Amino acid sequence: MRWFLFALIISGIAIGVPIAYSKFSKPKYILSSLSYSSEEIEKKYRDEVVSQINEKLQGKNVSTEVKDILEKLKSNLGKEENNQLVERLNSLLQDDEIKSVSSKLIIRWEPEEKKVKRGEELFQNLCMTCHGREGDSLSVTPEGLKTDIGYPIYARDFTGKYHREGKVVFKFASDYFGEFAGDEDLKRIIKEGLPGTPMPGFSYLSDEEMNSLLEYIKSLNPRWKFASPQPKSYPVPPSDLLSDERIERGRKQFMTVCIACHRNIEAGEEPLEQPLAWYKFDKKGNIITQDGSPSFQMMKARWFGREPLRRGKPEYTFATIRDGIAGTTMTPWRHLGDETIWDIVSYILYIEKKGFHK
Ligand code: HEC
Ligand code: HEC
């Protein structure tokens, strides 16, 4: 009887403790079982590129050596072996178009351990409270972060582990489809911050600190190894930027196309709520919100004159309109042409200056 009681108590502990742990101590916003590991992300990337190559090789005579190399390149290899294989592959492939695809498998960059360590230290001190202990933006503050006008906002996830394809999506530093950001663009954002959001500026960081931070951030997603990000181009603003003619032309354009989401701000209308297109996905492609429900996270189209421009210089606003904001419904408007975009920039800056603060 004593043994029976003893066994009962032990099994009670064995079952009860894990249940209690999972119910009470695990913060509900941790969804780690639904995320990709760094290895899985790299494998995903390799599989994707290899299948692009195979698609292009379809119907062609493919030697067994090419087939073997392609099979090998699917596994996560070290830089030297990997790059030798890609080189050999490219020497066997005739077609330049296919070579340009297979070149996506060249490892161009690898994190430097010392710099990563230094960057991690800085990150834990300065960025972790919002971007998460592991840089995945699982906010350390359970109630989450908010924009100036009270909308929930996530800090950027630098790991891509919740993204369907394992991508990191930068809003301002890449083009609409691109995922990567040039070093200079990232540094500028970290220096200047993003007004209207909780992202502060860190203007005091030294070059050494900034470089280490970037090294750490990039070490968090293996796709950076294969990337060759281009810096954004910022044109010089025209000399008549804020002329009445430009503002008027810009207003007309804005009322034709941008009004669909940003609404007629001068008439006191509120911008529309829009779904955030990409945020966190589970492995089935469902979007995960902080409470685990598979619904879209909503945000407002920018409320000019009430929220500050996140990147205030005219040429930044120009680039935002030209390239769009990745992961949101703010698409690129490049087709409008530079002159028209400058007209609209003039109008937005005019609204911004006038202000519609309540
Ligand atoms: C108080 C919270 C907070 C802190 C601290 C913080 N960030 Fe952020 N960060 C944010 C938020 C929120 C965003 C998203 C803004 C948006 O989507 O408009 C962001 C966005 C970013 C972006 C993305 C820009 C883009 O183009 O998408 C980078 C890069 C970044 N932060 C780097 C850093 C670094 C590096 C540090 C530490 C030195 C840091 N942040 C500290 C809140 C924070
Ligand atoms: C389909 C909806 C939609 C349309 C149409 C649209 N936008 Fe946006 N726009 C958005 C959303 C949503 C955001 C906020 C994205 C975010 O916060 O990351 C935004 C943000 C912006 C920003 C960023 C401001 C900043 O620096 O914080 C600018 C500039 C902008 N839009 C300009 C325009 C212009 C100009 C047009 C018309 C040519 C336009 N938008 C049309 C949805 C739209």
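Reader: Which residues in H4 are buried?

Author: This is a predicted model, in which local features need pLDDT of at least 70, side-chain atom pairs count only at pLDDT 80 or more, and totals for chains, interfaces and linings use all residues. Residues are numbered from 1 along each chain as its sequence is written, while chains are lettered from A and ligands numbered from 1 in the order in which they are written. A residue is buried if 20 or more other C-beta atoms lie within 10 Å of its own, exposed if 12 or fewer, and partly exposed in between, with C-beta atoms placed from the backbone. In H4 the buried residues are Asn82, Val86 and Leu89.

Reader: Why do the buried residues of H4 line one face of the helix?

Author: The arc is that of the directions from the helix axis to the C-beta atoms. On the other side of H4, Glu80, Glu81, Gln84 and Ser91 are exposed. The buried residues line one face because, seen down the axis of H4, they fall within an arc of 60°.

Reader: How far apart are the end C-alpha atoms of helix H4?

Author: Helices (H or I, at least four residues) and strands (E, at least two) are DSSP runs, numbered from the N terminus. The expected span of a helix is 1.5 Å times one less than its number of residues. For the 14 residues of H4 (residues 79-92) that gives 20 Å, which agrees with the distance between the end C-alpha atoms, 20 Å.

Reader: What covers the buried residues of H4?

Author: Two residues are in contact if their C-beta atoms, placed from the backbone, lie within 7 Å. The cover over the buried residues of H4 includes helix H3 (64-72) and helix H5 (96-102).

Reader: Which residues on the other side of H2 are exposed?

Author: The buried residues of H2 are Ile41, Glu42, Tyr45, Arg46, Val50 and Ile53. They cover an arc of only 165° around the axis, so they are on the same side of H2. H3 and H5 are among what covers these buried residues. On the other side of H2, the exposed residues are Glu48, Ser51 and Glu55.

Reader: Is Ile98 buried or partly exposed?

Author: Ile98 is placed in helix H5. Leaving aside neighbours within four places in sequence, Ile98 is in contact with Ile53, Lys56, Leu57 and Leu93. It has 19 C-beta neighbours inside 10 Å, so Ile98 counts as partly exposed.

Reader: Which residues have the most contacts inside the largest nonpolar core?

Author: A nonpolar core is a set of buried Ala, Val, Leu, Ile, Met, Phe, Trp, Tyr and Cys residues joined through C-beta atoms within 7 Å. The largest has 23 residues, and those with the most contacts inside it are Phe170, Ala173, Ala181, Leu186, Ile189, Leu213 and Ile217.

Reader: Which residues are the closest to ligand 1?

Author: A residue is near a molecule if its C-beta atom, placed from the backbone, lies within 6 Å of it. Ligand 1 is surrounded by 24 residues, and the closest are Cys127, Cys130, Ala155, Lys171 and Met199.

Reader: How many nonpolar residues has the shell around ligand 1?

Author: Helix H7 (128-131) and helix H8 (183-192) are the elements that give two or more residues to this shell. Ala, Val, Leu, Ile, Met, Phe, Trp, Tyr, Cys and Pro count as nonpolar, Asp, Glu, Lys and Arg as charged, and the others, Gly among them, as polar. By class, the shell has three polar, three charged and 18 nonpolar residues.

Reader: Which helix gives the largest share of the shell around ligand 2?

Author: Ligand 2 is surrounded by 23 residues, the closest being Cys258, Cys261, Ala301, Arg310 and Met330. Helix H10 (244-262), helix H11 (314-323) and helix H12 (338-354) each supply at least two residues of the shell. The largest share, five residues, comes from H10.

Reader: What is the phi of Arg263?

Author: Arg263 lies in the loop between H10 and strand E3 (273-275). Most residues other than glycine have a negative phi. Arg263, a residue other than glycine, has a positive phi, near 65°.
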